[in-house]
Amino acid sequence: MSAREDDPSRAPEPQGGWSTRIVCVPDALVVPATVPDMVQPMGIFDAEGRYVREGVLWRGRRLMVEPEIRPEPVADLPGRWIWGGILLNHFGHFLVESTPRLWALDALEGPVDGLIFTVKRETIEEAGELRLQPFQRLFFDLLGIDLPIRILSQPTRVARLEVPGQGFGLGAIAAGTAPFRAFFETRFARNIAPQGAEKLYISRSALGPARGGVLGEDRIEAALSAAGYEIFHPQKHSLQSQIAHYKAARQVVALDGSALHMVAMVGRRDQQVAMIRRRVSDVSDSIVTHLTAFTGRAPQVIDVIEQDWVRSDRKRADRHSVGQLDLPALGRALVAGGFLPEGAGIAAMTEAEIHAAVHVFEDALSGKLSFEPLARGAQRVLPEAGPVVRRRKDKPGAAPGQEGKLKGEDRRAARMARRAERTERRERRAAARPEG
């Protein structure tokens, strides 16, 4: 074990170190987040007031930092509990960032009273207590977890808190530590039998334009359907049905996204997976790492992105952006990989068809936002003041927005408030079922 791997101020490593260690913290103070930023002041303090770095969530960088002021506890929780981390509502991030410490359930000796989480944003509240989303409860059930789960929303003193290292996540740790992989292999969805087509295309076309995607996905679906693939929309199926389909498939083709994290958790070595990149982003690299480490077989990665269409309020390609693919090159790659038969192909889109497809995605946005083309890997600087970038063509009868009258921080605050409202509405709609 190297000093680097054992240093909790550095990112967790799948080879071991602090990511495979459990730290017992008596009289721990758990401090939830109070702001909705990407990096949040929150975490765990020990009885002497020291910040417990083993409890921090990493996503290439720390997403939790020590609060400048350590609050006094407003509640006490007796007993022995396991720190679960942040409970995320986005399905993919929940899979990879709300599960990394669960391996401790099989590693700890003696009884525990339950799991403790905090939340990044609002979740279900019932009788004054925060509750799990239905898909979260089902996922824990599929792991055989029947312990109480407490979601803390205020600073709480915990009599004894077991803090496991982060054994999974995004970045290099997407390979998972050996204890984490063993935990999922022996526990997750063991009683769900394979059921479904041997050839499966996991589609994003029914998720809606607001969730990003690629131009011309209908052409991809048509080519694969003609070759005998089932066009599968995971969000229309129960979590059990999704797992059964992923277990049954001999060949899986999908755009990069959350569904492939689930495929990795139940996949096998004799399965062929082709991942089509839909955005120029490091996030898809974590999916490749996850699939390779958990199934024992690397997916075929097809990168034929010509350019990204990026939302006008974003600096770079992300989960909201839209990929413009070289569709004929995609068809050739699928043929070469054995996913399509010889002679099959996917026709290119004309310029008019490309722009019409972009407008379909724009119609799902606020009238002030647009999708703008961005060269591969490029990043742009967003203006901090002045009129916001408007859509190329306003909807008929739409009145011009007033945001351009705001200046500097006022404009930025207004934009962030609207963005937070949209995120919350979207997550409340998604709460009742898992997203693909």
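**View 1. The buried residues of helix H3.** Helix H3 (residues 134-142) has as its buried residues Phe135, Gln136, Phe139, Phe140 and Leu142, where buried means under 20% relative accessible area with a 1.4 Å probe and protein chains only, and where helices are DSSP runs of H or I with at least four residues, numbered from the N terminus. Seen down the axis of H3, these buried residues fall within an arc of 160 degrees, so they line one face of the helix; the arc is that of the directions from the helix axis to the C-beta atoms. Just after H3, Gly144 takes a positive phi of about 75 degrees.

The model is predicted, so local features need pLDDT of at least 70 and side-chain atom pairs count only at pLDDT 80 or more, while totals for chains, interfaces and linings use all residues. Residues are numbered from 1 along each chain as its sequence is written, and side-chain values use heavy atoms, with hydrogens and water left out.

**View 2. An open sheet of 6 strands.** The strands, DSSP runs of E with at least two residues, follow the order S3-S1-S10-S5-S6-S9 with mixed pairing, two strands being paired if DSSP finds at least two bridges between them. Strand S3 (43-45) and strand S9 (149-152) stand at the edges, each with a single partner strand, so one side of each is left without a neighbour in the sheet.

**View 3. Strands S1 and S10.** Strand S1 (residues 22-31) and strand S10 (residues 156-164) run antiparallel and are joined by 8 bridges. Within this pair, Val23 stands opposite Val163 in S10.

Definitions and conventions:
Buried means under 20% relative accessible area, exposed over 50%, partly exposed in between (1.4 Å probe, protein chains only).
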